[in-house]
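Let's take a walk through this one together. Keep the sequence and the 3D view side by side, and we'll go from the overall picture down to individual side chains.

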Amino acid sequence: MGILQDDVVIIRQPDKEAGGPTVITVNCPDKTGLGSDLCRIILFFGLSIVRGDVSTDGKWCYIVLWVVGREKTRWSLLKKRLIAACPSCSSASGISYYRSELNQPPKPPDVFLLKFSCHDRRGLLHDVTEVLCELELTIKKVKVSTTPDGKVMDLFFITDTRELLHTKNRRDDTIQQLTDTLKDALISIEIELVGPEIAACSQASSFLPTAITEDIFDLESHAPDQSGIFTSDSISIVMDNLLSPSHTLVQIVCQDHKGLLYDIMRTLKDYNIQISYGRFMTKPRGKCELDLFIMQADGKKIVDSSKQKSLSARLRTELLRPLRVTVVSRGPDTELLVANPVELSNKGRPLVFHDITLALKMLGICIFSAEIGRHAIGDREWEVYRILLDEGEGSPLPRNKIEKGVWKMLMGWE
């Protein structure tokens, strides 16, 4: 007897009087990386996970997540997205390991060019980004330029999560919502499907100077200072092979931040590691505790000390600095750079550009130009956001204040 689709994901709202978190239950066939995929979707909807329980027998998994977040969350749409991420019930005959899926990558989505011209104003780029996020349109690349007479020309290369942007109704609805947001500032706007050559170019990016890559990607250059801007708080990671005969126990104690569970899950997914049982809970004063019983793709615990050290080091790095933020000089101008690690599945953390533009809007800083591009640096791929700041008249904000404002927004500490 198969499980009904409506029972794959169950979302239970809290009692209005009592309040508390919403409980999301997922009951479906297992696959390596499923937890990462689910956490990424929840993060995309602007929700925070405050508690979680995961268990699996290697074929079927049962996940319970307690989430809090925005009042206007579209729960029915979230349920639809979570169900789509779950393997079909017919796949329960055997676990689907992540790396085996790389042999047959899914067809890349169609890329569309959103092009509009308007009169510039403070916070404009964030307002546009917010509309695109609400419409489930993913920004693959953006080119923003400002003319001397105060006009902007914005080029957004986007894909549609709903896969409907090729229809007239979807395009018209997108244009209408952007028009309502931009109002009298809008001069022209259009959306068109681009060919594979242009779509490929939308993934390319300009060269990153060596000085910039060393500044962003050298962890030691941004050791925690007294204000704790660049990294999370102290982290404890302990691995134990004695407690379970078939699993390695990983115990993590760290400071909470936005997307923390996603950062851990995506790291384990990239290492092709299966979680058989896990428990996550936030504590007072922003602390988190996790107990994870894990095993390798071959079904064995991690006994090799070098593999343990490698995994522990990567987890520590991802929890210390899940993203990289720095402000550098570009001639007489100031440039903000944010680097977002990309999973082996070619996905990066969602809503990064949304949070960057919101932080700059709150700081009262205008954006002169912006660019998003993918870069292979070291043994990883990164999504790098390069934003040239228009500091306007008056005294510019100190660099550390800009970095701190953007970092806090990305970490959910605002």
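The protein chain exposes about 19,800 Å², and carbon and sulfur atoms supply 53% of that area. Accessible areas here come from the Shrake-Rupley method with a 1.4 Å probe, and for residues only the protein chains shown count as cover. Before going further, a word on what you're looking at: this is a predicted model, where local features need pLDDT of at least 70 and side-chain atom pairs count only at pLDDT 80 or more, while totals for chains, interfaces and linings use all residues. Residues are numbered from 1 along each chain as its sequence is written, and side-chain values use heavy atoms, with hydrogens and water left out.

Of the chain's 414 residues, 50% count as buried (buried is under 20% relative accessible area, exposed over 50%, partly exposed in between, with a 1.4 Å probe and protein chains only). Among contacts (heavy atoms within 4.5 Å) between residues at least 6 apart in sequence, 71% join residues at least 24 apart.

Now for the inside. A nonpolar core is a set of buried Ala, Val, Leu, Ile, Met, Phe, Trp, Tyr and Cys residues joined through side-chain atoms within 4.5 Å. The largest one has 52 residues, and I252 and I264 touch the most other members. Helix α2 (residues 34-44) supplies the largest share of this core, seven residues. Back at I252, if you skip residues up to four places away in sequence, its contacts are S236, I237, I264, C288, E289, L290, L315 and L319.

L125 also turns up in helix α4, among its buried residues. This helix (residues 124-134) is mostly covered, with nine of its 11 residues buried. The buried set is L124, L125, H126, D127, V128, T129, V131, L132 and C133. After α4 comes E136, which has a positive phi near 60°.

Which aromatic rings pair up? The rule takes rings of Phe, Tyr and Trp (its six-membered ring) with centres within 6.5 Å, and calls planes under 30 degrees apart stacked, over 60 edge-to-face and the rest tilted. That gives five aromatic pairs. One of them is F116 with F156: the ring centres are 6.0 Å apart and the planes at 10°, so this pair is stacked. F116 belongs to strand β5 (residues 112-119) and F156 to strand β7 (residues 151-160), so the pair ties together parts that are 40 residues apart in sequence. Both F116 and F156 are buried.

Another pair is F353 with Y385, stacked because their ring centres are 6.1 Å apart and their planes at 15°. It links distant parts of the chain, with F353 in helix α10 (residues 352-363) and Y385 in strand β16 (residues 380-390), 32 residues apart. F353 counts as buried at 5% relative accessibility, and Y385 is buried too, with a relative accessible area of 4%.

Rings also take part in another arrangement here, with a charge sitting over a ring when NZ of Lys or CZ of Arg is within 6 Å of the ring centre and within 35 degrees of the ring normal. The charged end of R51 sits over the ring of W66, 4.0 Å from its centre. R380 lies over the face of W382, at 5.1 Å from the ring centre.

Back in helix α10, have a look at D355. D355 is buried, with a relative accessible area of 8%. Its side chain makes a polar contact of 3.1 Å with that of H354 (a polar contact is a pair of N or O atoms within 3.5 Å; within protein, one must be able to donate a hydrogen and the other to accept it, and residues adjacent in sequence count only if both atoms are side-chain atoms). Leaving aside neighbours within four places in sequence, D355 is in contact with K258, M409 and L410.

Finally, what does E343 touch, not counting residues up to four places away in sequence? The list is S36, R40, Y262, R266, K269 and D270. E343 is found in the loop between β14 (333-341) and α10, and is buried at a relative accessible area of 3%. Its C-alpha is 8.9 Å from that of W382, with the two residues 39 apart in sequence. S36, for its part, is in helix α2 and counts as buried at 1% relative accessibility. Apart from residues up to four places away in sequence, S36 touches Y262, M265, R266, K269 and E343.

Key. Helix = DSSP H or I, 4+ residues; strand = E, 2+ residues; numbered from the N terminus.
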